[in-house]
There are 2 protein chains.
Amino acid sequence: MPEQWYNFLPDLPGPMPEVRDSGSPSAAEIAETIRPRILIEQNGTDQKWIPIPEPVLEGLRQCGRPTPLHRAHRLEQHLGTRARIYLKREDVLPTGSFKLNTAIAQAHYAAEEGRTTLVTETGAGQWGMSVALAARMSGLRAEIFMVRCSLEQKPYRRHYMELLGAEVEPSPSPRTAIGRKILQDKPDHPGSLGTAISDAIEHALGLPGAAYLAGSGMPHVCLHQTLLGLEVAAQLAEYGEELGVQGRGDHLIACSGGGSNLCGLVGPHLRARADGADLRFLAAESTAAPRLTRGVYAYGRTDLGGFTPEVLGYTMGEDFIPPPNHVGGLRNHHSSALVSLLRHEGVLDAVAFDQRTALEAGRLLLRTEGLLLAPEASHAVAAALDVAAEARTDQREPVIVVLASGAGFLDLQGYHEVLADPHEALVDP
Amino acid sequence: MPEQWYNFLPDLPGPMPEVRDSGSPSAAEIAETIRPRILIEQNGTDQKWIPIPEPVLEGLRQCGRPTPLHRAHRLEQHLGTRARIYLKREDVLPTGSFKLNTAIAQAHYAAEEGRTTLVTETGAGQWGMSVALAARMSGLRAEIFMVRCSLEQKPYRRHYMELLGAEVEPSPSPRTAIGRKILQDKPDHPGSLGTAISDAIEHALGLPGAAYLAGSGMPHVCLHQTLLGLEVAAQLAEYGEELGVQGRGDHLIACSGGGSNLCGLVGPHLRARADGADLRFLAAESTAAPRLTRGVYAYGRTDLGGFTPEVLGYTMGEDFIPPPNHVGGLRNHHSSALVSLLRHEGVLDAVAFDQRTALEAGRLLLRTEGLLLAPEASHAVAAALDVAAEARTDQREPVIVVLASGAGFLDLQGYHEVLADPHEALVDP
């Protein structure tokens, strides 16, 4: 397992655009209050390798890092492809998703600073589960604002957090001023990541000893996730693979919601690509919020309360409400600055899938490899199927690495609702 | 990973009692029709080591064997024990339980014999999930009779099986004569393992190309599960542990429903114990069906249709209906012949837990080690806590191996219902 994170900010294809931060207090001042200091430093460091603190290493090892890199032989056979497809298996982590990697690190820094309560928001619940466990591992309390409609749709995730001792609140929340205002205007508001971020930040600002943790998007989150790309590099070498051989069209593929899994996977490989390696980075998004494929590059915010700065990114606009579907992790209206920059500079390709296509890809993976991934991760699988098909047409034999960002057991209701069809039951994969 | 199964039948403390098989056709004749021949041979072989066929080895490796042996440092610290507690992590298998080990083997033998459909019963659904995946891996169809009340309580498990292409039928089933008869007498019959076994065997008898698979109890099932005890032995050695040191009171602990996980764990260690190793085997059962701690040693049957022979075992009686609880895997009314013989000969200790005590132990494991186990496995954890406490009193430092037989994500509703209590949310583990 890597013992340092890789800071890929110096390897970006251009400078990070300035944020617009005109509030009073400013978003920067708010962040200085609620965010552990070292995380703010990690957002802007130019140190290339950042040592991972020993307690974080211990926690990550205890949770099963390094995670396996699985060669998907049976899927390859089924596809009749000569591409070599590898799955980076974050689904085996104890909370069932890659989110745990940064939750453990952030909880450690919060505890080290003497903070006592972790406050955050969660959409579908994967991030909340990881914060609940990381809080427990660091001896902290956790208070988690969960998008109300997800809370109702996914009671199991709430049960898990509560079993760990976390307090889970629906968002919009009557406990915050912003939540009360939203509920006054619309008492049956289903909640969104925007409402939940606002609730969590306002609550953290008023709670002594609170640390507010971000689950995605921010550079420090992506830094912690560089374990993904670093482990993949080392594990591919163990398989005897060399990544980026000319003319082969090797691919690193991840789904993109907030984008930290994607950045964590590709970040450590940006330099090689810039140096001429034949390496493609591909983001798989949902047609429910197709920012990278159909959005505009513009300034915007992720919260409703004005607690965060405006950042430049591919966006559907602040008023965009993604249609409800089973892919909670990909329903952001605004792409993070990091992912957007990679896309804008042409370093990152993107493709969008509707949920049926993605879940069919997920089912195919289950039927061939025996692995049930979260709907979000199934979007990356769908992208890999297309890349493999194209390589077959071109008679190329690429290495394709797919990030299996999460497990799908708690999403079986979604798979069932989207795919249930009695006539399909006996069709071969 | 071991490449042979260990046949522990010659190491049993006494001869296996005869079965009573007076039906017409006899249970033996029925078995010869519906069970792959090699499995019947494995029930009575005296060959010590049985080579695992190459395709089975490949399937097991693909599914992640060998599974990790996890040292539970944080749990030990919390308990203030000097016992060294290890968890054998079957929960990481892709179907979330140890059942997959024998499902892959049985599906292989069925396919090799030219059978085309796997037929079985399932209670809580773990066995059904494993058969559904193993069928797919061997290119076979699967038809699974699931206890009706479990089917209704646990829709996720049904969705999983169907996603793999399996046909799932409620039991009692209108598709069988025995099912129709039961439903005529009691149209709202909730089903039981007894009804489901009967449905499955009757259906398999009438279906050309069918193989009926047993998920537990039978010697061939326990044989396939000896991977557990063999891997534990090798992995403890890697940790530098010697098992069975005098005066230390080392323990191997598993929950006991049908008993195949227990037999698979302890079977390879029977000889060492007989030769004088200080090694204790402990079965954790549910107070909902406390056969080993409160049952009588008598002949009885597991099905209602008379398709299976009467076997000698610890039993609550054929009319016993266990109270409904969230521990479907431990609600058998009759213990298997193998487990019962070990118990009767004094080789096996047993202890029963109510579900609240067991699920509290499961919650403690989650809060310390970050692992959420199935309610059945949490019974084994509860037993380990007691063993560790006793060792502390006696100032012993035993090695305690707990079989983490399954994962608990699909049981979160049960954990929630049993443990939900707002005042507990902030209590430290």
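Helix H16 of chain A buries Ala337(A), Leu338(A), Val339(A), Ser340(A), Leu341(A) and Leu342(A). That makes 6 of the 8 residues in this helix, which spans residues 337-344, so the rest of the structure largely encloses H16(A). Keep in mind as you explore that this is a predicted model. Here is a short tour, topic by topic.

**Just past helix H16 of chain A**
- After H16(A) comes Gly346(A), which has a positive phi near 80°.

**Two helices side by side**
- Helix H6 (residues 126-137) and helix H8 (residues 155-163), both of chain A, pack at an angle of about 10°, and their axes are 9 Å apart.
- H6(A) and H8(A) are therefore roughly parallel to each other, since angles under 35 degrees count as roughly parallel.
- On the H6(A) side, the contact is made by Gln126(A), Gly128(A), Met129(A), Ala132(A) and Leu133(A), while H8(A) brings Arg157(A), Tyr160(A) and Met161(A).
- Sorted by class, the contact between H6(A) and H8(A) has 5 nonpolar, 2 polar and 1 charged residues.

- The buried residues in H8(A) are Tyr156(A), Arg157(A), His159(A), Tyr160(A), Met161(A) and Leu163(A).
- Within chain A, their cover includes strand S5 (117-122), H6, strand S6 (141-147) and S7.
- Just after H8(A) you will find Gly165(A), with a positive phi of about 95°.

**A buried glutamate**
- Glu169(A) sits in strand S7 of chain A, which runs over residues 167-171.
- Is Glu169(A) buried or exposed? With a relative accessible area of 16%, Glu169(A) is buried, because buried means under 20%.
- Its side chain makes a polar contact with the side chain of Arg175(A), at 3.3 Å.
- Setting aside neighbours within four places in sequence, Glu169(A) is in contact with Ile144(A), Phe145(A), Met146(A) and Arg175(A).

- Most residues other than glycine have a negative phi, and most peptide bonds are trans.
- The peptide bond from Ser24(A) to Pro25(A) is cis, with omega near 0°; Pro25(A) lies in the loop between strand S1 (4-6) and helix H1 (27-34) of chain A.
- Another cis peptide bond joins Ser171(A) to Pro172(A), with omega about 5°; Pro172(A) belongs to the loop between S7 and helix H9 (177-185) of chain A.
- Gln395(A) is not a glycine, yet its phi is positive, near 55°. Look for Gln395(A) in the loop between helix H18 (375-393) and strand S14 (399-404) of chain A, where it counts as exposed at 74% relative accessibility.
- In chain B, Gln395(B) also has a positive phi near 55°. Gln395(B) is in the loop between helix H17 (375-393) and strand S14 (399-404) of chain B, and at 73% relative accessibility it counts as exposed.

**An exposed glycine**
- Gly206(A) is in the loop between helix H10 (193-205) and strand S8 (210-212) of chain A, and it is exposed, with a relative accessible area of 62%.
- From Gly206(A) to Leu39(A) there are 167 residues in sequence and 20 Å in space, C-alpha to C-alpha.

**How the two chains relate**
- The same surface serves both copies, as 100% of the contact residues of chain B recur in chain A.

Notes: Residues numbered from 1 in each chain as written. Chains lettered and ligands numbered in written order. Predicted model: local features only at pLDDT ≥ 70, side-chain atom pairs only at ≥ 80, totals over all residues. Heavy atoms only, no water. Axes fitted to C-alpha atoms, helices over the stretch in contact; angles between N-to-C directions. Helix = DSSP H or I, 4+ residues; strand = E, 2+ residues; numbered from the N terminus. Parallel < 35°, antiparallel > 145°, perpendicular 65-115°, else oblique. Contact = heavy atoms within 4.5 Å. Nonpolar A, V, L, I, M, F, W, Y, C, P; charged D, E, K, R; others polar. Buried < 20%, exposed > 50% of the residue type's maximum accessible area, 1.4 Å probe, protein only. Polar contact = N/O pair within 3.5 Å; in protein donor to acceptor, adjacent residues only side chain to side chain.
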